[in-house]
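Please consult the sequence and the structure shown below while reading.

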Amino acid sequence: MRRLVQGFAAVFIAAFVLMFITHRLNEAEGYGGGKTVTVYNWGDYIDPALIREFEKETGWKVIYQTFDSNEAMMAKIAQGGATFDVAVPSDYAISKMIEENLLLPLDHDKLPNLQYIEPRFLNLSFDPHNRYSVPYFWGTVGIVYNREMLGGKTITSWNDLWDPSLRNQILLVDGAREVMGMALNSLGYSLNDTNKAHLQEAKRKLDRLMPNVKAIVGDEIKLLLVNEEAAIGVVWSGDAAEIIAENDKLDYVVPKEGSNLWFDNMVIPKTAKNIEGAHAFINFMLDPKHAAQNAEYVGYSTPNRAALRYLPKDIAGDRRFYPDLDSAGHLEVYENLGKHMLAYYNELFLEFKMQQK
């Protein structure tokens, strides 16, 4: 009997230890709740000082997890294992998440700082009336170029990239929508085009660009351009701001044919455990001073109009990154193309990438 009791005791202790370890691991992996707010965001996309300030103000501990693509983020949330209280998807991903019932409606009464968002960034096609999301950052896709390496040449058009003199001088960001969109815009088509003949035409044009392409890369594109490993890069505007801050020989332009106007918004996933904490975090990030601090740290454009007065004038007044959108009708927001069409974009992009030497 004593051995039996000892055996049960050992099993009980082992089970308790296992439950404790599992709880701690789950907490670290985004299975939060209680006095935690679990945030799922892009890498290096928030000022860490703001997280500490939020924790100090509210008493909630922030568990911060990162992802490197909208697709990876959506897949993890859809699986339903890890629970995140706040996530930061891009425009077309928000549309898809709404469609797949992955988001909770926001309580605007708990978001008084929403009043500070520039009205033109609200009630957009991917989330009418901002029922599920509020703006975090916005920007464009364009071209960073090194004037000195190009002998004083100015870039104004996507079609400039096909110049034979630029052989092995171009870095492309590793994104199907960005690269296919660039080719579509260069042909006068929408970057949301679903006409397969147009997409094939864009793919053929990209194939002709390959001799000029040095590499198709991820985050390392910033360091490569700063170090002048290539003269030109197709990048997001926030990365461009960071690159230019490190090397003043570089400039940024949104090509005249058109480009992407993108938005990353804060949402509450359907599996969130701390809905009160999620609203508190979102409202905290919408505070004008916090939004300005975050924009200055990250380098992307804030949609918070009241935050602009807290930014240095050389940032808030830089028309490369805060353009006059009234005259920027050539910019388009990515639309949710649907699973099959997005797969077709990815297939064409992969075929293009496979030509790299």
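Tyrosine 116 is found in the loop that connects H4 and strand S4 (133-146); helices (H or I, at least four residues) and strands (E, at least two) are DSSP runs, numbered from the N terminus. The model is predicted: local features need pLDDT of at least 70, side-chain atom pairs count only at pLDDT 80 or more, and totals for chains, interfaces and linings use all residues. Residues are numbered from 1 along each chain as its sequence is written, and side-chain values use heavy atoms, with hydrogens and water left out.

Tyrosine 116 counts as partly exposed because its relative accessibility is 27%; buried means under 20% relative accessible area, exposed over 50%, and partly exposed in between (1.4 Å probe, protein chains only). The C-alpha atoms of tyrosine 116 and aspartate 287 are separated by 7.8 Å, although these residues are 171 residues apart along the chain.

The whole structure holds 2 cavities of 30 Å³ or more. On a 1 Å grid over the protein atoms alone, a cavity is a set of points where a 1.4 Å probe fits but cannot get out, and lining residues have an atom within 4 Å of a point. A volume is the space filled by probe spheres set on the points, which are joined across faces, edges and corners.

| Cavity | Volume | Element giving the most to the lining |
|---|---|---|
| Largest | about 80 Å³ | S4, 3 residues |

Among the residues lining the largest cavity are Ile117, Leu286, Pro303 and Asn304. Leu286, Pro303 and Asn304 are also among the residues in contact with tyrosine 116, contact meaning heavy atoms within 4.5 Å.

Note on methods
On a 1 Å grid over the protein atoms alone, a cavity is a set of points where a 1.4 Å probe fits but cannot get out, and a pocket is an open set with protein on both sides within 12 Å along at least five of seven lines; lining residues have an atom within 4 Å of a point. Lists of a residue's contacts leave out its neighbours within four places in sequence.
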